[in-house]
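Open the model in your viewer and follow the stops below in order, selecting each named part as you come to it.

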Amino acid sequence: MSLLDILQFPDERLRRVAEPVATFDSALSALTEQMLETMYESRGVGLAATQVNEHRRLFVADCAEDGEAPAPMIFINPVILDRQGLVDSEEGCLSIPGINGMVPRAELVRVRAHDVRGDEFEVTTGGLLSICIQHEIDHLDGRLFIDYFSSLKRQRIRKKFEKALRQQDQA
Ligand code: NI
């Protein structure tokens, strides 16, 4: 199975708002498998379809601690039903490599989503999975974690990535 390319900031396709998934077929299932493989290969804990240029509302995650058994999860058409508390979470993103920063997030979330067969499920969670769910749903809405930074800091990051792109083009 081949790995998927992950869109890199400042690619404008990361800003597209994803459409709901309407068909639960084998192609959808294959996409989730490829996304999980790509996420594991990249050592990420979550990957949204938007990041692999598939503008459909789904993401994959595995927030198991180091040393724990893998716990792959698939969320299709996820909706946050309830948020409680507030935490500062330190985040990074496979689409913005090398950048980390603090983001205000809800501490606990209650989420409704569908699995690959189309069956609905609900999860109430805190910890890393709660943060991951909020970060990935942001991707589906075209939002990045750096959008929570000050505009000055965002501009610096944009310049850094644009410069790297130019150097790549010249090489
Ligand atoms: Ni991300």
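Begin at arginine 43, which follows H1 and has a positive phi, near 60°; helices (H or I, at least four residues) and strands (E, at least two) are DSSP runs, numbered from the N terminus. This is a predicted model, in which local features need pLDDT of at least 70 and side-chain atom pairs count only at pLDDT 80 or more, while totals for chains, interfaces and linings use all residues. Residues are numbered from 1 along each chain as its sequence is written, and side-chain values use heavy atoms, with hydrogens and water left out.

Step back to H1 itself, residues 26–41, and select its buried residues, among them Leu28, Leu31 and Met35, where buried means under 20% relative accessible area, with a 1.4 Å probe and protein chains only. The buried residues of H1 pack against strands E1 (46–48), E2 (58–61) and E3 (73–84), contact meaning heavy atoms within 4.5 Å.

**The nickel ion**

Next, select the nickel ion, whose protein donors are Cys93 (SG), His135 (NE2) and His139 (NE2), at 2.1 to 2.3 Å; donors are N, O and S atoms within 2.8 Å of the metal (3.2 Å for Na, K and Ca), and because water is not among the atoms, sites may look incomplete. Histidine 135 and histidine 139 are about one helical turn apart, because they are four residues apart in helix H2.

Finish at phenylalanine 145, in the loop between helix H2 (127–140) and helix H3 (151–170). Phenylalanine 145 is buried, at 2% relative accessible area, and its contacts include the donors Cys93 and His135.

Definitions and conventions: Buried < 20%, exposed > 50% of the residue type's maximum accessible area, 1.4 Å probe, protein only. Lists of a residue's contacts leave out its neighbours within four places in sequence.
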